[in-house]
Each structure stands twice: as structure tokens, then as C-alpha cells.
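Welcome! Here are some exercises for getting to know a structure step by step. Have a go at each task before you read its solution.

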Amino acid sequence: MSFEPNKAENLDACIKCSACTALCPVAAVNPLFPGPKILGPDAERFRLEGLQIGTTLLNYCSKCKTCEITCPSGVKITEMITRAQEDAKISGGGKTLQFSIRDYLFGRAEYLGRLAMISPNLTNVLLKAPPVRKILAQVLGISSEAPLPAYNPKFKGTETGRQSKKQVVYFPGCFVTYNDPPTGQAIVKVLEHNGYEVIVPSFHCCGTPLEGNGYLNEAKEIAKKNLALMDPFMRAGIPLITGCTSCGLALKECPSFEEPESELQTYDLFEFLWQLHEQNELRENFNEVQVSLGYHASCHLKAQGIGTPSVRLLRLIPGVQVAELDQGCCGLSGSYGFKKEKYNTAMQIGNPLFNRVRQGVASGEFQSVITECGGCQVQIRHGSGIKTEHPIWVLMQAYGLN
Amino acid sequence: MWDGIIIGGGLAGLLAGIRASERGKHILIISEGVGSLTYSSGALDFGDAGQLLNQENHPYALLGETSIRAGMDYFQRLFPDYQGKWGVTQNLLTPLGSPRKASIVPYGQNAESLQDARRIVLMAPDGMKDFFPEIIKTNLERSYPQCVVEVYPFRVGAFESWHAIGKSVTGMEYAKYWQSGPGISELKRVLNCLTMIFDGEVSSKKNETAVLFPGIATAFSDPLKEILSETPFPVIEMTAFPPSASGHNLYCALKQKFKSLGGELLFGTGVQRIELQGKLCDKAIVKSKGRYTAFSARSFILATGGIFGGGIEVTPEAAQETVLGLPLYVPAELTNSEFLGEQPYAHMGIEVDSELRPTGPGNKEVLFENLRVIGRMLAHWDPWTDNCGGGVSLATGWFAGEKL
């Protein structure tokens with residue numbers, strides 16, 4: 001008998017304890033969804049025999065990865081489900097034509113963004129017009145209630161570096177690039193304030209929307225393009241930083257990054273800033289900021305296994321109070337909550353969080369919410385009506401930069 | 001730099017984290033999984049402390065009675081919904097309806113009132129998973145021969161779509177529903193129906209009735225506690241098969257307490273190794289996504305659990321402690337042919353001094369000055385035959401949190 005050292009790849013590592021299903025946000029609100037245990041390791045046995053089962057249900061997984069970080073045996077459940085989705089797509093099962101077209105589009109956030117850049121204002125007017133939303137709902141299956149984020153003129157950074165000693169490469173991600181450029185500019189300012197030259201190559205989408213919509217191979221292709229853009233910087237040992245937790249997870253999961261030579265170079269923004277703090281290299285002459293905040297940790301931050309560095313860092317600022325909301329997934333999961341047939345599920349998933357936010361604000365415990373994830377920001381604002389923004393804005397205030 | 005890093009986020013690790021944070025320490029808990037509390041009934045065993053305190057090398061004997069009692073008192077001070085007294089055990093029911101004993105029991109699980117009952121009404125929610133009313137009825141009749149046992153089936157509208165597709169509803173789903181707004185109204189309605197039925201009966205019968213309610217967890221929920229305290233008959237919760245709502249709620253309460261005291265919880269990834277500086281632990285190296293992250297601290301606590309929790313890995317060749325490779329006490333014979341009897345492997349673990357610092361094999365020399373080992377990872381005890389799993393975790397967790 002030989003011992004299998006890589007438990008994660010071993011299907012038999014699943015002890016059928018159901019801890020993943022007990023904590024799955026989708027299964028909690030949607031009785032038709034059998035949950036990660038059944039769709040993951042249970043169905044995988046049949047899939048390995050060439051039998052595709054429950055292909056329609058696979059699409060209800062929101063890819064939040066709660067099951068993976070919950071599993072006591074390290075089974076890669078989301079990965080199994082994503083691979084099964086890809087296989088189901090190839091075999092033509094699981095989706096109607098309408099949903100296939102819609103998911104094809106949602107997977108390509110970058111191209112949608114580029115299209116919107118022709119005229120962001122016109123796009124916003126159209127996306128807010130009820131007749132347009134009705135058509136989008138009927139033709140494409142995009143919920144007419146979904147909080148589609150507004151577009152803004154494109155975020156632009158400096159593409160090439162000078163000879164500065166302290167350089168970082170910033171990966172803005174599609175949300176900052178097309179929807180929220182001010183946050184990108186704020187991140188650049190904070191890094192520059194700490195003496196870094198910030199280089200922003202013309203990156204493509206990180207691939208998360210593709211993966212989330214069942215286009216695993218395309219996600220890998222786009223990752224290769226980004227890797228080629230990063231390559232010279234990685235070789236020069238320049239760190240790569242992103243303020244988006246989903247981009248961060250995708251960049252860290254990128255296969256080439258698991259090679260030893262590229263290790264220790266991809267950072268979540270606050271993970272990087274915290275490291276500067278630990279090395280006494282962070283500027284900490286903070287202004288006092290009298291504010292109480294509720295913090296929501298996004299699922300894809302949790303999946304990075306780095307803790308909550310933004311909470312740690314903001315607590316260094318005099319006057320700042322941070323309460324961790326700890327209410328699980330917001331429900332949006334990228335484009336999942338925009339989809340007609342999933343909108344209600346997404347809102348139900350987010351309900352405990354929205355209630356906690358509303359109660360916290362009503363009782364005066366905190367005034368507004370912070371979270372790194374753009375999608376979570378959109379959903380929390382939509383579900384609770386409370387101001388929600390990226391934590392970088394608190395740091396901007398502390399540095400007196402805004 | 002943290003004051004303390006605790007590796008493992010189960011009962012012992014979280015309690016240590018809470019105590020240390022309460023004392024103003026800056027604490028990080030790194031936990032590979034979500035701990036095993038969700039698999040537990042939620043009730044906590046302390047065992048026969050009088051005897052265990054005299055059992056050589058037992059964690060109780062190492063710490064002494066004062067510390068064990070302090071752990072018990074501290075836990076109840078944190079969570080007043082948990083009740084128990086030193087040296088006194090309470091009756092509660094297993095998921096199959098047999099009585100068992102425990103030392104600290106969450107609000108609602110205490111089943112003492114069954115002793116005085118003449119009739120037990122077993123609530124039977126429709127389509128509940130891992131719930132076997134006929135077996136429970138038989139077991140109750142055997143254990144409480146003075147009682148008549150009646151099964152009261154009822155159906156909850158909120159789960160119609162579950163029933164329609166033939167999907168069973170887990171006890172955790174039921175318990176979560178009872179805590180929601182609509183669930184609370186429905187519970188009032190169900191209990192009112194019962195009250196009305198009992199009102200039509202002769203008083204001797206209705207006054208001697210106890211109601212058993214599976215799939216509900218009242219601890220930590222003020223509205224539920226209020227409703228159940230107002231019924232004219234005692235309502236007793238049943239413990240559940242894993243995953244269990246009571247165990248899960250305790251896990252959530254511990255986590256919330258720790259975070260509200262400013263503690264940080266990093267979960268989903270374990271500690272790959274510890275970097276040392278002589279006889280001191282210096283940095284915990286965590287396998288984050290795509291890269292390693294180093295966290296340094298002044299003190300460390302190892303609370304990674306035993307074989308089930310992943311703190312000890314057993315292969316056909318050897319057993320090893322997974323984080324530091326600390327020397328393990330391994331009994332010569334691992335198993336006993338009597339399945340439910342004492343199993344020697346249960347005593348496997350790390351030997352420590354009276355400060356819970358790991359010691360070298362065969363001697364009492366402390367291996368690391370700033371490391372303490374707590375909970376299931378300790379050697380020389382058996383949670384099943386000693387019935388002291390909760391006690392060891394609370395006492396050692398409290399002690400380490402106090403000393404950190």
C-alpha cells in the first residue's frame with residue numbers, strides 16, 4: 001500500500017462529511033441546487049466513467065470557493081465543478097442558446113468594457129433605460145433588476161518604467177479600468193506616495209469572468225497573454241500588485257506562477273502595503289481619520305489565504321474603527337447575480353450581509369462599508385443602500401491625498 | 001510582528017485566541033479548515049475530573065484542578081447560554097434518543113425534565129434528514145419506561161420546494177429557518193397548536209408532558225429562548241448527527257467573539273512550516289495562493305488537532321506531527337480488537353511540561369521556549385473513554401491564552 005501525498009488531487013480524500021454543502025451559500029437558499037459535495041466529488045466518480053450528470057445544475061455554482069476553503073481534506077471542489085462545466089459546454093449540454101450567448105458575453109468583461117468606451121455616457125444612459133433593460137432581459141436573460149455597474153472613461157497608467165529603483169507593476173483589472181478608474185488612480189497615488197514608480201502595462205482581463213462562465217480554456221489563453229506582458233518585469237524582480245481580489249486570486253492561481261522563480265512577486269495591494277509596514281518601509285505619518293467602518297471580506301480574498309491585510313493596515317490609522325462583518329458571500333459572484341434566473345438566489349445569499357450592514361449603520365456602529373472587491377461593492381450598495389467603497393480611500397484620507 | 005500566532009482554529013485554538021485577545025494581545029489564528037465543532041453535538045464533556053486529575057501524564061494532571069475549573073468558568077462567562085457545574089453532569093439526548101451525559105450543555109439541550117415526565121411528545125418535522133422517529137421512540141420507551149411516547153408529525157410550508165423534489169431537509173437547514181423571522185412566526189404557530197391540543201386534555205396528563213424538538217438550536221438566539229421559555233411544557237432540543245447546528249453555532253460564536261476583540265482569522269490554508277531561531281519559533285510560513293507568506297510572532301500555540309483534525313498524519317509507515325515535526329508519543333500497539341473499547345492510538349500526541357511546552361522524547365527537556373501545545377494534539381488521553389474532549393480543549397486553551 002502506498003501513501004498518496006497529494007491529497008488535493010485525490011478524489012478519495014473526500015470523507016463525505018457534508019461540511020462544504022452545509023456552508024455553501026447557494027445551497028442555503030436554493031433547494032434545487034444539490035450543493036458542492038454532490039456536484040463535486042460525488043458526481044466526479046460518474047464523470048470519470050464518462051457519464052455527465054446534472055449539467056444544468058453545474059451552472060448554479062457561483063465559484064465563490066467557500067467549499068474549497070471549508071473542506072477539511074483539501075479537496076479542490078470548485079475546480080472539479082469548473083472542469084465539469086467546461087466539459088458539459090463542449091458536449092453541448094446544460095445551457096439554452098440564450099444563456100450560452102449571454103454567458104459568452106459576460107465572460108468577456110474586457111470586450112464589453114472596450115465597447116462601452118466608445119461612449120461611456122451613452123452606454124450608461126442605455127443601461128439605465130427600462131425599455132433597454134427589458135430587451136436585455138428578454139433577449140439575453142440579464143435580470144432587469146440587476147445592478148449593472150456604470151462605465152467611466154478608461155483608466156490609464158504609465159506603460160513603461162524609467163530607471164527608478166523602487167518599481168511596481170499594477171494590474172488594475174476590468175472593474176477599475178472600465179467602471180471605477182478613480183480607485184485605480186488612488187491606488188497609484190498611494191503607491192507613489194510611498195516612493196514607488198507604478199507601471200501599468202496594457203493588461204488583458206485576468207480571466208475570472210471567463211472561468212466563472214465556464215470558459216476555462218479561454219481563461220488559460222488570456223492568462224498566457226498577460227504572462228507575456230508581465231514577463232520582463234517578473235524577470236527583473238518587480239512585484240505585481242492588484243487591488244482587486246478576484247484578479248489577485250486569478251493571477252496567483254495562474255500555473256506559471258507556481259514555478260519557484262516567479263514566487264513571492266504577486267501581491268494583493270494591502271498584502272504588499274502590510275509587508276512594507278513590517279519592513280518599516282511604509283509611510284505612516286497618517287492624519288487622524290475619525291471614521292467607523294464595516295469591513296466585508298470577499299470570497300476571493302479568503303481564497304488567497306493571506307488573511308485580511310486591509311483591516312490590519314487601516315487599524316494603524318488613528319481614529320479608524322473597523323468591524324469585520326463576517327456574513328459570508330455577498331451573492332453577486334461576478335456576473336452570476338446579473339443573470340435573470342440567478343438574480344433572486346444572489347440577493348437571498350446576500351441578505352444576511354445586507355441586514356448586518358443596515359443594522360450596523362442604523363445602530364451607529366459604523367457609517368459605511370469597505371471591501372476590496374468591485375463586484376461586492378456594487379452588490380452591497382444595491383442590497384443595503386449603504387455607501388460601499390474600496391479601502392484605499394481611507395488610506396487616501398489618512399495621507400491627505402484626496 | 002504579532003504577540004501570538006495560534007495554529008489551528010478549533011475549540012482550543014479559538015478559546016486561547018479569545019483569552020489572549022481579551023488580555024490585549026495582538027493575535028492571529030491560522031486555520032487550515034473550519035475546525036471540527038460543526039461535527040460535534042455542541043455539548044461539552046469534562047469527564048470524571050477527580051479520577052483524571054490523578055491519571056499520570058493526563059493533561060488534567062499536568063494543569064491541575066484550578067486551571068481545569070478556570071477553563072470551565074471562563075467559557076461559561078463568555079457564553080452564558082452554556083450551563084454546567086463542576087463535578088455535576090447533565091442528561092441530554094443523542095440523535096437516536098438515548099440519554100447520555102455531558103458537563104456543559106447549551107441552552108435547551110438539558111433533558112433532566114424527562115425524569116419527571118409521564119408523556120413525551122416527539123416533534124417530527126417532515127422530510128428531515130438523518131432523523132429516525134421510530135428508533136428514537138423505541139429508545140425513549142426503553143430509557144423512560146414511565147413515559148408514553150407519541151410522535152407528532154408536522155410540515156413546514158417554507159420547505160415545500162424541498163419536499164416537491166423529494167430532497168430531504170438537513171437539521172442545519174431547519175435550525176437556520178427557526179432562527180429567521182418567518183421561522184419564528186411558524187414556530188409560535190406550531191407550539192400554539194400543541195398548547196391547544198394539550199389544553200383539551202385532563203390536567204394530570206398535560207402537566208406531565210415534555211416535548212422533544214429535533215433540528216432546532218436555541219442557544220445564542222434570544223427570540224428562540226424567549227418563545228421556548230413561555231411554553232406551558234418543557235421543550236427539549238435533541239443533539240444532531242454531523243453537521244450539527246448546535247456545534248456550528250458554537251463555532252460561529254467563538255469566531256465572532258475572537259474577531260470582535262480585534263483578532264484576525266486566516267483560514268483555508270495551513271502552516272507549511274515554522275522558521276526557528278535557536279530554541280524559539282520565529283515565523284509561521286503559510287502556503288497562500290501561489291506563494292508563501294511569512295508571519296512572525298513572539299509566541300506560538302499549536303492547536304492543530306489530532307488525526308481527524310489533520311495535526312497528526314498517520315501513514316502505514318509512521319505517524320508525524322504535521323507543522324513542526326515535533327516528537328510524538330506513539331503507543332507500541334496502535335489498536336485493540338474491541339472496536340468500541342479503549343484504543344491505544346487515541347493516546348498518541350505530543351508530550352508537554354506543566355506549562356504545555358513540548359518536551360523531548362523520553363526526557364523533560366523543553367524543545368521550544370515560546371511554543372505551547374493545546375487540545376487534541378496532547379498525548380496521554382482518550383476523548384472517548386475519558387469523556388473529557390471539551391474539558392481538555394477548554395482548560396488547555398484557557399491556560400495558553402492566559403500565559404501567552
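**Exercise 1.** How many residues of domain 1 of chain A are in contact with residues of domain 2 of chain A?

*Solution.* Keep in mind throughout that this is a predicted model.
- Begin with the bounds: the domain assignment of chain A places domain 1 at 7-90 and domain 2 at 291-398.
- Now look at the contact, where 13 residues of domain 1 of chain A touch 12 residues of domain 2 of chain A.
- The centres of these two domains of chain A, taken over C-alpha atoms, are 26 Å apart.
- Finally, domain 1 and domain 2 of chain A bury about 1000 Å² between them, with 65% of it on carbon and sulfur atoms.

**Exercise 2.** Turn to chain B and describe how domain 1 of chain B meets domain 2 of chain B.

*Solution.* 
- In the domain assignment of chain B, domain 1 consists of 2-24 + 37-85 + 264-403, and domain 2 is 110-238.
- The contact involves 4 residues of domain 1 of chain B and 5 residues of domain 2 of chain B.
- Between the centres of the two domains of chain B, taken over C-alpha atoms, there are 37 Å.
- The buried area between domain 1 and domain 2 of chain B is about 330 Å², and carbon and sulfur atoms give 66% of that.

**Exercise 3.** Are helix 19 and helix 20 of chain A roughly parallel or roughly perpendicular?

*Solution.* 
- The axes of helix 19 (residues 343-362) and helix 20 (residues 374-384) of chain A come within 9 Å and cross at roughly 75 degrees.
- Angles of 65 to 115 degrees count as roughly perpendicular, so helix 19 of chain A is roughly perpendicular to helix 20 of chain A.
- Among the residues making the contact are A:Met347 and A:Phe354 of helix 19 of chain A, and A:Ile380 and A:His382 of helix 20 of chain A.
- By class, this contact between helix 19 and helix 20 of chain A has 7 nonpolar, 4 polar and 1 charged residues.

**Exercise 4.** Which residues of helix 8 of chain B meet helix 10 of chain B?

*Solution.* 
- Helix 8 (residues 181-199) and helix 10 (residues 222-229) of chain B pack at an angle of about 10 degrees, their axes 11 Å apart.
- Angles under 35 degrees count as roughly parallel, so helix 8 of chain B is roughly parallel to helix 10 of chain B.
- From helix 8 of chain B come B:Ile184, B:Leu187, B:Lys188 and B:Leu191, which meet B:Pro223, B:Leu224, B:Ile227 and B:Leu228 of helix 10 of chain B.
- Sorted by class, the contact of helix 8 with helix 10 of chain B has 7 nonpolar, no polar and 1 charged residues.

Conventions. Residues are numbered from 1 along each chain as its sequence is written. Chains are lettered from A and ligands numbered from 1 in the order in which they are written. This is a predicted model: local features need pLDDT of at least 70, side-chain atom pairs count only at pLDDT 80 or more; totals for chains, interfaces and linings use all residues. Side-chain values use heavy atoms; hydrogens and water are left out. Axes are lines fitted to C-alpha atoms, for helices over the stretch in contact, and angles run from 0 to 180 degrees between N-to-C directions. Helices (H or I, at least four residues) and strands (E, at least two) are DSSP runs, numbered from the N terminus. Angles under 35 degrees count as roughly parallel, over 145 as roughly antiparallel, 65 to 115 as roughly perpendicular and the rest as oblique. Contact means heavy atoms within 4.5 Å. Ala, Val, Leu, Ile, Met, Phe, Trp, Tyr, Cys and Pro count as nonpolar, Asp, Glu, Lys and Arg as charged, and the others, Gly among them, as polar. Domain bounds come from an automatic or database domain assignment. Buried area is the accessible area (1.4 Å probe) that two parts lose on being put together, summed over both.
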